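Hi,

Here is the structure I promised to pass on. My notes on it follow below, so please have a look whenever you get a moment.

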Amino acid sequence: MAAKTPASLRTAWAEAADRIRAASSTEPGRLRIIGAALVTLILAFGAVTAWQIAERSSAAQSVTSSSEPLSVDAAEIYRSLADANTTEAGGFLAGGVEPSAVRRRYQNDINTAAQLIAEAAANSQGSSAGQNQMQLLGNQLPVYNGLVETARADNRQGLPLGGAYLRYANEQMSGTLLPAAQKLYQLQTGRLRQDYSSAESLPWGTWALGALVLGALVWAQRRTYRRTHRVFNPGMLAGTVAVGVLLLWLVVAHTVAREDLADSWDHGAKSMQVLNQARIDSLQARGNENLTLVARGTDTSYEDSYQQEMATLDGPRSGTAPGGLLAQALSLADDSAGRSPVQAAVDDVVQWRSRHDVANRADTAGDYDTAVADVIGGTDTSGMRVTAASGQSFDSVDSSLQRAITHEGIEFQQASGDGRKALTGLSVGAAVLALLGAAGSVLGIGRRLSEYR
Amino acid sequence: MNGQSVQGREPMSRTGANGAGRSGRSSLRGWGGVSAMVAVCLLALAAVVVPLLCGSVPDEVGRGALLQTGSGLAHARQAAADDSCTNPAASLRPSDATGPAVQRIKNRGYLIVGVDQNSYLWGYRDPGSGQIIGFDIDLVRAIASNILNTSTPKIVFKTVPTNQRIPAIQSHEVDMVVRTMTINCDRIKQVAFSTAYFEAGQQLLVPRIGTTITGFDDSLTGKRVCTAAGSTGEVQLQREPHGSRIVLAANQLDCLVLLQLGQVDAVLTDNALAAGQAAQDPQVHLIGEPLTHEPYGVAMNLADTDLVRRVNMVLQQYTKGGVNSQWMQAYNKWLAHNLPGVSGPPTPLYKD
């Protein structure tokens, strides 16, 4: 048996070839071959179009429904962790017992982060690198929270050890948790970027196949015209129109979709990434501003970190404002509604920096109480109520950036939704038009064949 | 906080020679070790500091003697490096004369003092009241009362980082630094010190329960010992690791965090500061004897000789009266509970 199969296969091939050779010697035979080839090409074109567009459409779908929300979640994990850390450091400045608003905000941040980490771990089909980061975050968050609780307990008893615990917790946060959250965010935005490029990649193969089908149809009609001197074969003409419409639809719809998606990337996703980074950077700067006073003159490392983060946020002090991430966000914002909250954040940062200097001067002059009041508000050494605390400037920066992120999020949703809609129906349309085209060709060839009976 | 760890592998019998010789570790064996020891003995003899040293080769040195050998050698090296510095704690004789520095403070109306806000019991900000309090701060108040001649003197406390203490004094940014500052030969070239107001020493802090460490000896083998980077403790541990692994932290209080979290087995620091740590955690205590003798002094600008004499006069009054002295009251209030066994202040020494 095994030895016979190749032989019989060869025979089958040979027989088919003989039959085709025999058929091609007569006109009806040749017409049958042409008809079969046209139908095959048209159906293939329809199938490839449907398949390639379905792929791009699902990539565009996953941009809006999966990878973008996941990247927003990752940004939120990152932000709430940084916010928790900053909030707690501010609470320590308030004295032995932190205000209840501080405690609530810290608890909300921790809850949000824990919930989002659990969700991300549950619905992520992603890479092992992403899984590793989520596992690390899931393991380390309770450890961090424990350190903060110990710091609180010690601080309540009036022990400087509380401050040491808070500094240690801060180190865990900025050395382990935040880098993991940042990596997770980068992985998610990388996946978003990947979804974008698969949705935007040009369907070259489909275009080439479409052109080939059109060419074949024109050639077949020209051949019929030469032999019959009839200008139109209605069946084949209808088939040509169907294929032409499909090709046009394909090119126009995908080009429009690409434009919309590119727009949503440039003016939505990219802006949001820069703004998220700016927001987290400002949170860390604020955390270090608080810790400078919590550390109570141990060293200058927190002040140095603050200056560095502010430079990343808004450019170097001496440079023309704005610089850094905020300048980048300004140039990415494409309309005044997007620019105005970023511009507000820029102004607030300038104010924040000058208020920080006031607080810093009070601190170096040995006026600790005034320095604390300059940073978190309250009354200074002389009993005056401080109305221009750097904390207020920071809060304005944070809410301006939040507004900018919300605006860019809406822009993103619109543009990427438009992009996805541009491809709507194309897959189904491709199938229908291809069937129509094939039917027309069959009818046209059939009409010619009937003349030989 | 993840300071670099140093693996100590030297058996105890060689560490003395090793620390003293300061040359290649593994080469100091057998006769090499003995001859290095002899060379160092001669150096020490020449400096006439620790006659006790000689007459023993490392293998015969008892544990206690070895410790003294270590610190004795340190003194020997210092003395050899600077002949004039045999007793850094000797200060200027007290006087209540008002010179330019004292006048400057009187004219200003308040005293500017560099302090620490993180040394529990010595100088720290009470999170409840927001006030800076402690043993050092009581002394500051006594000095300020005397100079400004009022029982409620105005004082500006500036928190100075450890590495900024000397620059702040030299630039007159502060009138004085009262911040558990050890008087030593290097520092007396840069700033002037009062007479010693406390004598501290490096000592081990360990958990009360569940530790096998018995003192600064071979029971440290394989243990992780935390000390502040750049502190005397680090020097001490590098000289005699006793098989321990050194873990460095940015500041001594960070070591207590690591000890509580079980990331280190013991802390080596000033017993004065360690007492502050023990006061914050009743589950740890000091063990063994102090390894070094570190007198604390009030640091001032070298040019402010009248201020130095004035502070020494305040100290004389502050320490006078035996068990009823202000010094003893402050000691009983802040330190006695966690640093028992101190009968009184160190005897003041003068160089003029």
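To start with burial, 50% of the 453 residues of chain A count as buried, where buried means under 20% relative accessible area, exposed means over 50%, and partly exposed is in between, with a 1.4 Å probe and protein chains only. Before the rest, a word on conventions: this is a predicted model, in which local features need pLDDT of at least 70, side-chain atom pairs count only at pLDDT 80 or more, and totals for chains, interfaces and linings use all residues. Residues are numbered from 1 along each chain as its sequence is written, chains are lettered from A and ligands numbered from 1 in the order in which they are written, and side-chain values use heavy atoms, leaving out hydrogens and water.

**Chain A**

Chain A has 13 helices and two strands; these are DSSP runs numbered from the N terminus, with helices being H or I of at least four residues and strands E of at least two. Its radius of gyration is 34 Å, well over the 22 Å that the globule rule gives for 453 residues, so chain A is more spread out than a compact globule. (That radius is taken over C-alpha atoms, and the rule is 2.2 Å times the number of residues to the power 0.38.) Along the principal axes, the C-alpha atoms of chain A fill a box of roughly 115 × 60 × 35 Å.

Among the contacts in chain A with a separation of 6 or more, 79% are between residues 24 or more positions apart, a contact being heavy atoms within 4.5 Å. Chain A exposes about 20,300 Å², with carbon and sulfur atoms supplying 59% of it; areas come from the Shrake-Rupley method with a 1.4 Å probe, and for residues only the protein chains shown count as cover.

One residue to look up is D348(A), which lies in helix 10 (residues 336–364) of chain A. D348(A) is buried, with a relative accessible area of 14%. Leaving aside neighbours within four places in sequence, D348(A) is in contact with S393(A), S396(A), V397(A) and S400(A). By contrast, D348(A) and L248(A) are 100 residues apart in sequence and 51 Å apart in space, C-alpha to C-alpha.

**Chain B**

Chain B has 11 helices and 16 strands. Of its 352 residues, 55% count as buried. The accessible surface of chain B comes to about 15,000 Å², and 51% of that belongs to carbon and sulfur atoms.

How many disulfides does a search of the whole structure find? There is one over all chains, a disulfide being a pair of cysteine sulfur atoms within 2.5 Å. C226(B) and C255(B) form it, with their sulfur atoms 2.0 Å apart. C226(B) lies in strand 11 (residues 224–228) and C255(B) in helix 8 (residues 252–260) of chain B, so the pair ties together parts that are 29 residues apart in sequence. The torsion about the S-S bond is about -75 degrees, so the disulfide is left-handed. Both C226(B) and C255(B) are buried.

L121(B) is not a glycine, yet has a positive phi of about 75 degrees; L121(B) is in the loop between strand 3 (118–119) and strand 4 (123–125) of chain B, and is buried at 7% relative accessible area. H242(B), also not a glycine, has a positive phi of about 50 degrees. H242(B) lies in the loop between helix 7 (232–239) and strand 12 (245–249) of chain B and counts as buried at 3% relative accessibility.

Best wishes
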